[in-house]
Amino acid sequence: MSTADMRAAIRGDGGRFVYIVSALAALNGLLFGFDTGIISGAILFIDTAFELSPLVEGIVVSGAMVGAAAGAAVGGQLSDRIGRKRFILLSAGVFFLGSFLMAVAPTVEVLVAGRMIDGIAIGFASIVGPLYISEIAPPAVRGGLTSLNQLMVTVGILSSYFVNYAFSGSGSWRIMLGAGMVPALVLAAGMSRMPESPRWLYERGRTDEARAVLRRTRDGEIESELSEIEATVEAQSGNGVRDLLSPWMRPALIVGLGLAVFQQVTGINAVMYYAPTILESTALGSSQSILASVAIGTVNVVMTVVAILLVDRVGRRPLLLVGTGGMIGSLTVAGLVFQFADPTGGMGWLATLTLVSFVAFFAIGLGPVFWLLISEIYPLAVRGSAMGLVTVANWLANLVVALSFPVLLDGIGTPGTFWLFGACSLVALLFTYRVVPETNGRTLEAIEADLRGATGLGSDASEDD
Ligand code: BGC
């Protein structure tokens, strides 16, 4: 099917339905973003309520990332085994339980348990949102639909800033943390009426159901897509997770693991988690710092929308290259501003501007495109497991940056830290240029056939079938 045919195939009822399914599944992203963002505000009041020791405070804040890494470690394989839909229902249930425990926690122990459970759910959601959407979406719009999940991550982070702000007067941390129960319920209720991934069904030999789902989510003919899925399933070696370690998987694993680490070590969460701390050294007052954080969160949302509009037109590689290039420029200038500008002059706003532009470039590149690519480049039989592995790397790198950022600021100073992130971004750019494939407009099956055929998922893999 040509790209034009595929675009035509999403204009009718089936096309509309696939948007609804995807938007609902993207609530996984909302929970991911909200639950990672809300803790920065809530922790101030939890600290007073329970008189936390620094160690326990660290566990409450960063424990979710450890939980997320653990959730990702087991979650991917679980989604291959029980199916994407049941796994989303499970993750909604775990989110609900974690948020509920935190909201009612009578003791620190229960609070910590709730936060760990919440972390596991964040790990689950970070895999299954993009995974499910990419498997149900038609190829022509797969990039935009899958990136709805990242859009909701950014919306979740931004809404957590607002909720933090709204409750900062009353200090109602239980409401802040319990708020996550609402989207978890909506996700569970909505998903229970949505179809299973057609690709997962086919892989399990449930071909009639797979056919029915494709028919419900496509307007045009489904036979060519079905026969591609069928050919892929037939080509499987039946080795399951052992396939992950086979030589032909290596290029795709290198791409996924590399992007997972680069997405974090280029510094996004130093800005997302610590923007007010960074801006404190400038002449901005505390309320202006909050305003600056809101500006950063808003630009993150807006530029993710831009990425969604572009990703199926210009492709994944151009967005990654331009985004990472822009991050290098922004970080270089940020370093110069913090090194040379006069802190009492207009530097506060100039510094904010460099951070805003850094986040904007992340949001059109590494932010959405990392999650999108890892949902596209792995073979069906091990897609969940491979995404799980790569996502563990992402969460561990996130944890390392979050823990080391204050130490870095202390050791090499703000400019040095930005230049270090800039240097990592430069390596990320070269890495992308050399090894990241173009997947735009191709079926997941064509991408897998390339991988199996050892034609190499090289940078020249961009031509359409
Ligand atoms: C990253 C998160 C980050 C968020 C910011 C996601 O793609 O995985 O670590 O906080 O983007 O928008």
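1. Are Phe32 and Trp371 buried or exposed? In this predicted model, both residues are buried. Their ring centres are 6.0 Å apart and the planes meet at 85°, so the pair counts as edge-to-face, the cut-off for that class being over 60 degrees.

2. Phe32 belongs to helix α3 (residues 27-37) and Trp371 to helix α19 (residues 366-374), so this pair ties together parts that are 339 residues apart in sequence. Ring pairs also join Phe32 and Trp371 with Phe370 and Trp395 in a cluster. Over the whole structure, the search finds ten aromatic pairs.

3. A further pair is formed by Phe87 and Phe124, which is tilted, with 4.8 Å from centre to centre and 50° between the planes. Phe87 lies in helix α6 (residues 84-104) and Phe124 in helix α7 (residues 108-136), so the parts tied together are 37 residues apart in sequence. Both Phe87 and Phe124 are buried.

4. The ligand has 13 residues around it, of which Gln150, Gln263, Asn269, Asn300 and Trp371 come nearest.

5. The ligand takes up the space of the largest cavity. Two or more shell residues come from each of α8 (142-166), α14 (250-265), α19 and α20 (383-435). The element that gives the most is α8, with three residues.

How values were computed:
Residues are numbered from 1 along each chain as its sequence is written. This is a predicted model: local features need pLDDT of at least 70, side-chain atom pairs count only at pLDDT 80 or more; totals for chains, interfaces and linings use all residues. Side-chain values use heavy atoms; hydrogens and water are left out. Rings of Phe, Tyr and Trp (its six-membered ring) pair if their centres lie within 6.5 Å; planes under 30 degrees apart count as stacked, over 60 as edge-to-face and the rest as tilted. Helices (H or I, at least four residues) and strands (E, at least two) are DSSP runs, numbered from the N terminus. Buried means under 20% relative accessible area, exposed over 50%, partly exposed in between (1.4 Å probe, protein chains only). A residue is near a molecule or strand if one of its heavy atoms lies within 4 Å of it. On a 1 Å grid over the protein atoms alone, a cavity is a set of points where a 1.4 Å probe fits but cannot get out, and a pocket is an open set with protein on both sides within 12 Å along at least five of seven lines; lining residues have an atom within 4 Å of a point. A molecule sits in a cavity or pocket if more than half of its atoms lie within 2 Å of its grid points.
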